Amino acid sequence: MNLNISKCLLISLLLAGLSAEARIKLVALPDRAATVIRLDNPAATVVEEERVLTLQKGVNQVDFSWKGVFIDEDSIRLSVLDPADKVVLLNVSYPPGEGALVWQLTAKEACNARVRITYLLSNIDRLVTYTGTAEQDESKLLLESFLVLRNFSGEDFEKARVLLDYGEAFEQSIRHEEARQMLFFSQGGVPIEKTFKWDAREKPWDPSRLDANVGIPVYYAIANRKEGGLGNNALWDGKVRVFQKDGRGSTIFLGEDTPGFVPVGEKMEIRIGESRDVVVTQHKRYDRQINVRRNNGGNIVLFDNEEQIETVIENFRDKPAVLVLTQYIPGEWSMRQNSHPYELKNHDTLEFRLQLKPKEKLTLKMDYVRQNIRP
Amino acid sequence: MRKWTASLLLLSAICLARGAWAGINLVTLPDRDSVQLTIYNSADLTLVREVRKLTLQKGLNKLSFGWANTLIDPTSLRLRAVDRPDAVDLIDVSYPPRINSEAVWTVRSKIEGEVLVEIMFFTSGISWRAFYMATLSQDEKDMLLEGYVRVSNNSGEDYANAQTRLIVGTINLLDRIAELARRREPWGRPDMYQVPLAAPMAMRAMAKTEEMEFGVAFDAVGAMAPKEIIKEGLSEYFLYTIEGTETIPDKWSKRLPSFTPVRVPVVNLYRYDEERYGPQVIRLLYFKNDKKHKLGDTPLPDGQFKVYRSVDKEQHVSYEGQSFSKYIPVEQEAELNLGTARGVRVEPKLMKTQTLNYLFNNKKNIAGYDEKQEWKVEVENYRDVPIRVEVFRPLRHQFVDEIKYAGDYGKYDRQDIMRLRFVLEIPPNTKKAFTYEVVYREGERRDVQ
């Protein structure tokens, strides 16, 4: 442990009652034998450190204090590893007005006791970032994952063992206010599924009437499965930056996204940017009441509504494209005729998956009746 | 790139033996061999890629990279060995505490000697935009279209002999690069409020950019021909690569022609659409980005069009207006909105209104009726050139009988359930008129088939 850091541990036979300054001035620091930083829970980081305490026979005071270190004081615990049967923790007390606690231990005989101190430490964590480099034909990518350790806890760690959710523990030194980035894994040849997505609730129906450009979001999806070279572990959430090879030994940057946690078997969807070369224009061709039912007073109490939506999709690209088009029909309804098959995602959401040929202009029509509408 | 050129240091392997944070020995200051800039126009982002020759020792080496007073995103820093990737491993990159704008790479080399490394990062402060100049012929049947790109450097760095590439397209970007560049801690702090540093001088001075005259900033002194721009599609973007290399000093801009001037056939299109423009006629120039219009090789990036018109044989021109154009994909139609038209009049008039077919309920109250409207639309071309006029007419609601129309209405189509469109071709100094009749069904009349 570096002397400049502000956490210290000392042992004394003196009773509590000394001032904080006095405790700090007493230098009886046992060496830290092993430190483990466990970063498997994003909410809090567990630090475990082992020490050898030289205990006298009888009652011993072990004073643990900290200043400028973000320790959750309720989380601090002391476990006697060896000799566990000869040392008993009697109580823990907290001196007033400072970051400190005092353990009272009793030893059956004078001994060197190996103990483990465990606590939750704030402001030390890890980030995961990804870099994807797609082939020029966008069929596959090289996925590299980087781990960034950030330490703003107030404590320097030298040669600590770092444990993550999975994978081998590794030894790493990291100082207070330091960030350290390292390659976590690298996997080439991961298949890419590229899709364009248009959502009737989010996008304007007639982009030609707008003065601003309307882009259609473009996604890369990669499966966290063995077949694609992944699938060993979940992919943690983190920023993904995607590049594409340009065929001349260089790359361009395609875009970035934070796709969220991806369990094994699921897909990581990365929104890379927008395409302005696929244009979707939608109009309602008719919208009229039918089967109108009235009460004795002649008022309408129930009716159906027949509607037709016509969607024109233009692919100005010289390559094929897969467009996922989402439509909504609220309430109770039945489809009379649809030009293309769809998947019902829920009661009011229809998803059409359209294969567009290069330069193709495709018209999709939906004739449906919304039923039993009450005015 | 004077600032960070000076700050790339190769550190000795010896320092590792003396402890990870022992004093650092400067061994060499490597020169940059080449640099490539890939500049985006949809975001304040430039991908910088440079190649340097480093002399590595066998074993562990440390490389320090500093970027003080620049707008580099430190989280984007990447380093890789270009020619010997098998012999050089990047162990990690550390952002040392309490030292601003510096990263230290730890590299393990299996060989001793010179190795080419590529350093890649994002920077802010370099931008480009497209703009166009169009000169209509006297008869307005075509226009001479000139396209330009203008690259501006406000990054705080001079870029010498850089291969320059421009990206057309909209990328998904989560954070502004300029903000990442100003972070006190490159990767932020866990759950703590971020204290931004003061903006560097490069940002404060951002507005003060001088434009170089065409040709002056070219590094090839005495270049006899404009540089070629190679265009290619990558993913959903278009990449423009400027021939050779460019030198763009800080605070300077450069203008380059983006294509050879081309004479494009155009249609003078006038539009009357009250919902969109109010009660006025808008002048548009219509063309298509296709072979028929002498274009169609690449999309046209969004940019300002300044439109002039030749007025005599001495090549004098008049200014017709300007328009910001959206991105125009290959084979898509394009319209340049030149604003309110003075030489064309469109006047819709309601000539007759009549209600009929009343229905009454049991209490003898009105339950429904039809309202018939007769409209007359006059269209007059006061100009001495032929024009096309689009007249959009809104419907009050969708419950209407079939529309009847008569006169010189040109082509008619129903755009959707709420909108009619008439397209007329009008010779010079000619007036045309047409009528249309709408029957609106109100109340229970809507239920009568």
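Predicted model: local features only at pLDDT ≥ 70, side-chain atom pairs only at ≥ 80, totals over all residues.
Colleague: What makes you say that chain B is in contact with chain A?

Modeller: A residue pair counts once the C-beta atoms lie within 7 Å. On that test, 50 residues of chain B are in contact with 50 residues of chain A.

Colleague: Which elements of chain B give two or more residues to that side?

Modeller: They are β3 (32-40), β4 (46-56), β7 (88-95), β13 (170-171) and β16 (237-242) of chain B. The largest share comes from β7(B), with 6 residues.

Colleague: And how do the residues on that side of chain B divide by class?

Modeller: You get 25 nonpolar, 11 polar and 14 charged.

Colleague: Why do you call β18 of chain A and β13(B) a pair of strands?

Modeller: Pairing takes at least two bridges found by DSSP. Strand β18 (residues 267-275) of chain A and β13(B) are joined by 2 bridges, so they pair, and they run antiparallel. As for a bridge partner, A:E274 has B:T170 in β13(B).

Colleague: Over in chain A, what makes β19 and β22 edge strands?

Modeller: The open sheet there has 4 strands in the order β19-β20-β25-β22, with antiparallel pairing. Both β19 (278-294) and β22 (333-338) of chain A pair on one side only, and that makes them the edges. On average, neighbouring strands in this sheet are turned by 20° against each other, direction ignored.

Colleague: How do you know that β19(A) pairs with β20(A)?

Modeller: The cut-off is at least two bridges. β19(A) and β20 (residues 300-315) of chain A have 14, so they pair, in the antiparallel sense. Look for A:H283, which stands opposite A:E310 in β20(A).

Colleague: Which domains does chain A have?

Modeller: The assignment gives domain 1 (7-121), domain 2 (125-190) and domain 3 (279-373). The contact between domain 1 and domain 2 of chain A takes 13 residues from domain 1 and 12 residues from domain 2. On the domain 1 side, strand β2 (residues 32-38) of chain A gives the largest share, 4 residues. That side has 7 nonpolar, 3 polar and 3 charged residues.

Notes: Residues numbered from 1 in each chain as written. Chains lettered and ligands numbered in written order. Contact = placed C-beta atoms within 7 Å. Nonpolar A, V, L, I, M, F, W, Y, C, P; charged D, E, K, R; others polar. Axes fitted to C-alpha atoms, helices over the stretch in contact; angles between N-to-C directions. Domains from an automatic or database assignment.
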